[in-house]
Amino acid sequence: MPDHGQVPALSISDLTKVYDDGTPALDGLSFTVSAGGFHGLLGPNGSGKSTLIGIIAGLVRAPPGHVRVFGHDAVSDQRRARTLVGLAPQEVHLDRFLTASEVLSYHGRYFGMAKADAERRADELLVAFDLEDKAGTRPNRLSGGMRRRLLIARALVHRPRLAILDEPTAGVDLELRQDLWKYLARLRTEQQTSILLTTHYLEEAEALCDDISMIRRGRIVASGTVKQLVDRFGGPRLEDAYLSVMRGVVDEVPV
Amino acid sequence: MSDAHVGEKMDAKRLRAASRNGAIALSGREVRRVTKLWTQTILPPVISAILFMAVFGGALGGQLRQVSSIPYLWFILPGLLVMVVAGQAYANASTSLFQARNEGYIDDVLSSPLRPAEIVWSYMVGGLYRGWISAAAVAIAAIPFVPGIEQWFLALVVLMLTGIIFSALGVMTGIWADSFDQQAFVATLIISPLALLGGVFYNVDTLAEPWRTLTLLNPIYYLVDAERAGVTGLHDSAVWLSVAIAAIVAVVVTMLAIRMFSRGKRLRP
């Protein structure tokens, strides 16, 4: 049993993924998210972010030995690894036969929570995400922003040690986005939850993340703190460094 | 649990218990889905079976008063029960799984620590529940018209095995199908004809060749025959051999469904 205080939250080494139809998605990708860290993963559409996240969460097949969650292999020891991960995927897919409250409580129970615990936790999260008056509403009757918040709440029901948020603020208005930022910052400081965030809003990554990795064509092409990236690839803002890397001015220069 | 992360320090025993909890929750969700949508899931097959009884047992019953020395309605009831359980167990498991895949919300189950066997069994529970509730409704509707059930235990065992076999086939179709058309294809072109040609409405001895041989090659015939033995005491084949073969088939198709889910080719790219 790995010691969760010592091992990284997420360790990926030399991960390659080619889909059955021959489409390459990841090409020897490696990076680490430290325990308690807030890590941003930036890259253009199609760069491999969602494939990577799918592999970590068990939604995409991968060979064993390349992805470890708090020391547990995400493939050969997948059940332990999965209990530690909470995923808010980019696409909003929610069971339309359940109410918002049931979406959360059932999800908690799939992760082994007792019914009463899961229902209590669902109530807590509905309040935290300002959805308490929608508890009995089905997802298809919620607005896009509400569905997005419900999806993030679902990822957190079983109190994962590693929360993976794939573009969690896409389509969310500015006010709600800032509320979410505050919630995520609190989640990290109060519950020591490690967070892996993908986003196209670079100011979001700049405000929240300790470390950032930039991915292009399935490989990490740059990584470091915001300051390191800006110093290395040109600033003054993260956006400038990102554009430098992605436009190929700098090709694969890990910090 | 309240302040602890779920996966932290979870030993194998606790992981198993947690996994069981999850499987019970998923089974409960499937059962709830059937109950919530009862006008789509339970009512139609019950109405169809009652119509079959009304037409074949009532309207035509006057001309087909006795088959193999028992009232015709009593003769067709076992086959109707098998048909209802088979059709509904199959439809529920295949539709629920395919819908979850098609709409993408299966991700919440696939990303959970539930084992493939637990997920498959949970989807099968929904199918079994729908099949058995529908069969119970048909049996209740038939009470005024039939003398009784000869061997309750045998009748229930056969319906249980029928439910297991067809819900497992439903899971396999739910994994395999890439469209509603493919999902409906199996039900319309394979399950329904096999059920209708499985000796539900006729005695196999009265058939001419090649229909007699074709019926004897139809696996559903043996389920119908064994169920008929349970309900009426009348049968053509060795009943316990039919039950034993059905039990083996039930185990094999359930294992195939689990294997198909574990391999995950259509579930996980």
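Colleague: How many residues of chain A are in contact with how many residues of chain B?

Modeller: This is a predicted model, in which local features need pLDDT of at least 70 and side-chain atom pairs count only at pLDDT 80 or more, while totals for chains, interfaces and linings use all residues. Residues are numbered from 1 along each chain as its sequence is written, and chains are lettered from A and ligands numbered from 1 in the order in which they are written.

The contact between the chains involves 33 residues of chain A and 31 residues of chain B. Two residues are in contact if their C-beta atoms, placed from the backbone, lie within 7 Å. On the side of chain A that touches chain B, helix 2 (78–83) and helix 3 (100–110) of chain A each supply at least two residues. Helices here are DSSP runs of H or I with at least four residues, strands are runs of E with at least two, and both are numbered from the N terminus. By residue class, that side of chain A holds 15 nonpolar, 7 polar and 11 charged residues. In this count Ala, Val, Leu, Ile, Met, Phe, Trp, Tyr, Cys and Pro are nonpolar, Asp, Glu, Lys and Arg are charged, and the others, Gly among them, are polar.

The largest nonpolar core has residues of both chains among those with the most contacts inside it: I56(A), I164(A), L80(B), A86(B), M124(B) and V171(B). In total the core has 154 residues. Its largest share, 20 residues, comes from helix 4 (residues 72–103) of chain B. A nonpolar core is a set of buried Ala, Val, Leu, Ile, Met, Phe, Trp, Tyr and Cys residues joined through C-beta atoms within 7 Å. A residue is buried if 20 or more other C-beta atoms lie within 10 Å of its own, exposed if 12 or fewer, and partly exposed in between, with C-beta atoms placed from the backbone.

Strand 6 of chain A is joined by 4 bridges to strand 7 (residues 162–166) of chain A, and the two run parallel. Two strands pair if DSSP finds at least two bridges between them. In strand 7 of chain A, I164(A) stands opposite L87(A).

Chain A is divided into domain 1 (1–84 + 163–255) and domain 2 (91–159), with bounds that come from an automatic or database domain assignment. The domain centres, taken over C-alpha atoms, are separated by 24 Å, and the contact takes 10 residues from each of domain 1 and domain 2 of chain A. On the domain 1 side, strand 7 and helix 6 (174–191) of chain A each supply at least two residues, and helix 6 gives the largest share, 3 residues. That side divides into 6 nonpolar, 3 polar and 1 charged.

Between strand 7 and helix 6 of chain A lies a loop that contains E167(A). Phi of E167(A) is near 50 degrees, a positive value in a residue other than glycine. E167(A) counts as buried because it has 21 C-beta neighbours inside 10 Å. R217(A), also not a glycine, has a positive phi of about 50 degrees. R217(A) sits in the loop between strand 9 (211–216) and strand 10 (219–224) of chain A, and with 15 other C-beta atoms within 10 Å it is partly exposed.

Chain A also has an open sheet of 4 strands in the order 2-1-4-5, with antiparallel pairing. Strand 2 (24–33) and strand 5 (72–73) stand at its edges with a single partner strand each, so one side of each has no neighbour in the sheet. Strand 4 (residues 67–69) of chain A is joined to strand 5 by 2 bridges, and R68(A) has D73(A) as its bridge partner in strand 5.

For chain A as a whole, buried residues make up 51% of the 255 residues.
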